Amino acid sequence: MEIFVEAHAINAYAYCPRRCYYEYVERVFYHNVYTIHGKLLHEHVDHAGREHRGERQLYRSLYLRSERLGLSVRCDVIEEAEGVLYPVEYKRGKQAGWENNHLQLCAQGLALEEWIGRKIPFGYLFYYGSFRREKVIFDDALRERTIQTIKAIRALHLQDQPPEGIDEWFRCKKCSMVDYCLPQERARLKGKVPWERFT
């Protein structure tokens, strides 16, 4: 049976493949202050429904699948303006140009394309931290990186050990899995404990 990759896993993998393995292969997840804050901010868009904002029509919390890519996504919002549909993904912080967010949004666009049968050229990231939107163009390069990430995640499910992590403390310390992953402790023990999986 083919494994359907979740769009959230794409975000996690691009942030850190090891984190993605814990969450989507081992199915282990812990919250921290950032994930709880994000969950609270998402309460409205997580509630399925439909609404008008000016000339725009919004459809909240839609689940889509791409049979072609083996992809499963939950879109925060699919918006329609002037006859054009596009996904809108809501994020907790401020705009920072994180590629993991672009890949996740592009995956939503690819699934939406398959559903409606026409090309989705762009989507938006909305940042609660600044109340601003970033338009993300789904160009060929971003589409290809998204597809390659989906393949890499599917390959993770064939591994019996987690891959290397990013081991960048600036990013690790903000990860909700830091106390499970123990990047600093693994680094200190690397090569000293052969029976463990301190890769």
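User: Which helices each supply at least two residues of the lining of the largest cavity?

Analyst: Rolling a probe the size of a water molecule over the atoms shows where empty space is left. This is a predicted model, in which local features need pLDDT of at least 70, side-chain atom pairs count only at pLDDT 80 or more, and totals for chains, interfaces and linings use all residues. Residues are numbered from 1 along each chain as its sequence is written, and side-chain values use heavy atoms, with hydrogens and water left out. A cavity is a set of points on a 1 Å grid over the protein atoms alone where a 1.4 Å probe fits but cannot get out, and lining residues have an atom within 4 Å of a point. Helices are DSSP runs (H or I, at least four residues). Here α2 (17-24), α7 (178-181) and α8 (183-189) each supply at least two lining residues, and the largest share, three residues, comes from α2.

User: What volume does the largest cavity have, and which residues are closest to its centre?

Analyst: The volume, meaning the space filled by probe spheres set on the grid points, is about 90 Å³. Of the 15 residues that line this cavity, C16, I166, C172, C175 and C181 are the closest to its centre.

User: Is α2 mostly covered or mostly uncovered?

Analyst: Buried means under 20% relative accessible area (1.4 Å probe, protein chains only). In α2, seven of the eight residues are buried, among them R18, C20 and Y24, and what covers them includes α1 (7-15), α5 (140-156), α7 and α8.

Terms used:
On a 1 Å grid over the protein atoms alone, a cavity is a set of points where a 1.4 Å probe fits but cannot get out, and a pocket is an open set with protein on both sides within 12 Å along at least five of seven lines; lining residues have an atom within 4 Å of a point. Buried means under 20% relative accessible area, exposed over 50%, partly exposed in between (1.4 Å probe, protein chains only). Contact means heavy atoms within 4.5 Å.
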